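Hi,

Here is the structure I promised to pass on. Have a look at it first, and then read my notes below.

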Amino acid sequence: MSSSAPYEGKLCCAICGDAILPPTPEPSEATRWQTEAVLLSDPDREFEHLQEHYRGGKRGDAPRLDFQTAQDIQKVHARVLERDRLRIISSDESAQDEGQGDVLANHSYGRDESGEWAPTPYYIAIHGACLEVAEAAMRRSPHGIAVRDMRTLWKVLRMRFEVDDAFYMSTAAGVVVQPQRIPLSHGYYMPFRPLRTATELSQNGESGLVTGSESKTERWEAAYPLLIPDATAVILENLKTLPPPTKPTPQTTAFQRRFMGLPLELRDHVCSFMASRHGMPGLCNGLLPQWVWREMLLTGECLPFLPRLDEVAVEDFCSRWGHGHGNQEPNWELLVRLLSQEGWSIWDAERSSLKVPNGLRNRRRIWQLVEEMYVGDILSMTRVTQVGTGSVLVPRYWDHGGELLYPVTRVKTGSRN
């Protein structure tokens, strides 16, 4: 699990948990994507209306409020100025004038003295690249995930901050420490790294998150998750030769005959059922021809988190394979099975059994974070603070999938020892 200490005083992406960096005059290619922030907001203010109507859950039996949203979750580009203060970037990609368009992340502006909503909504800051990965996961994940649209994603993140606020407000200080980084039980699947000295950290430039003898590019959890130019070549390096064939059983022969007799659409449909939330077993059974497994790799049928592989590079690889391996076939089945497994050490690069580009490793981490999300997902998490004991009460307006609940209840969450 990662340590939260390196992130103190830094605005972090609400999806991946890593820092959103302020831009620098000459940003490196490795960190440029981390300076590109997106602010999410709800123009309908659904959470605020529910909070007012049910008085934070204290009037859970108030008349049911069937709130209807009319607008989509808004996405605006921004740049970090300092801590949790950002400047919104206009549509022509230029930052607005100083003081104009400056907003705070995770800050409720509420209503003004006249009772009207403040023009600035509640903003949640994320990396633009993480949003792209999240949207791909919402569209393509073959599993029964809870988050399939932007409004549900918003509800997940908004409730996380509501729970975090409740814990801060229950302490003796009674204030929320900004900027916030929501603690998750798995630490965002980041590796633990011991801190360097203050002198060493100050020499690392804009992020200050590099530890030990590592450079910024070696922090795989900070690698760009969208453009991964070496993905195809590195993945193919994991191919092993197929073991010598054994005599097929009558059942195997009968299955293969029936499978190959199906129309292409039905064969694809059968293969789609092989996708598993926790991955396929690592033991190969040889029921399907190797070319079927190769097609699964190329289409991403069971590996939806993979970026589109270069088919020309794969064909070239296959043509060169025979020169070095003779009649031995590559074991595509084993490769697909290993890539599909949840426990392939995606957050432990040092001991990974597969060669995986850092960008793909980070993409898989973000993808898994999104697949595991549901509304109210940190309500059951134990929290430890330095002041106070007991639990806090948090209202539940939505079920795990984001549907309205009635009556609204206040849930006792966490334990602060």
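Predicted model: local features only at pLDDT ≥ 70, side-chain atom pairs only at ≥ 80, totals over all residues.

Residues are numbered from 1 along each chain as its sequence is written, and side-chain values use heavy atoms, leaving out hydrogens and water.

Back to Asp66. Its salt-bridge partner is Arg64, with the closest N and O atoms 2.6 Å apart; a salt bridge here is a side-chain nitrogen of Lys or Arg within 4 Å of a carboxyl oxygen of Asp or Glu. Arg64 is partly exposed too, at 43% relative accessibility. By this rule the count comes to 18 salt bridges.

Two others sit in helices (DSSP runs of H or I, at least four residues, numbered from the N terminus; strands are E runs of at least two). Arg320 bridges to Asp316, and their closest N and O atoms are 2.9 Å apart. Why do Arg320 and Asp316 lie about one helical turn apart? Because they are four residues apart in helix α9 (residues 311-325). As a general point, an α-helix has 3.6 residues a turn, so residues three or four places apart point the same way. Both ends are partly exposed, Arg320 at 48% and Asp316 at 38%.

The other is Arg337 with Glu333, at 3.0 Å between the closest N and O atoms. These two are also four residues apart, this time in helix α10 (residues 332-340), and so about one helical turn separates them. Are Arg337 and Glu333 buried or exposed? Both are buried. That goes with the rest of α10: eight of its nine residues are buried, so the helix is largely enclosed by the rest of the structure. Among the buried ones are Trp332, Leu334, Leu335 and Val336. The buried residues of α10 pack against α5 (231-236), α8 (290-299) and α9, contact meaning heavy atoms within 4.5 Å.

Now for the other end of the sequence. Asp42, Asp44, Glu46, Arg151 and Lys155 are linked in a network of salt bridges. Helix α1 (residues 46-53) packs on helix α3 (residues 150-169) at an angle of about 50°, their axes 11 Å apart. The axes are lines fitted to C-alpha atoms, for helices over the stretch in contact, and angles run from 0 to 180 degrees between N-to-C directions. The two helices are therefore oblique to each other (under 35 degrees is roughly parallel, over 145 roughly antiparallel, 65 to 115 roughly perpendicular, and the rest oblique). On the α1 side Glu46, Phe47 and Gln51 take part, meeting Arg151, Lys155, Arg158, Met159 and Glu162 of α3.

Phe47 turns up again in an aromatic pair. It faces Trp398 at 6.3 Å centre to centre with 40° between the planes, a tilted pair (rings of Phe, Tyr and Trp, its six-membered ring, pair if their centres lie within 6.5 Å; planes under 30 degrees apart are stacked, over 60 edge-to-face, the rest tilted). Since Phe47 lies in α1 and Trp398 in strand β6 (residues 392-398), the pair ties together parts that are 351 residues apart in sequence. Phe47 and Trp398 form one aromatic cluster with Tyr54, Tyr397 and Tyr406.

Cheers

Notes:
Buried < 20%, exposed > 50% of the residue type's maximum accessible area, 1.4 Å probe, protein only.
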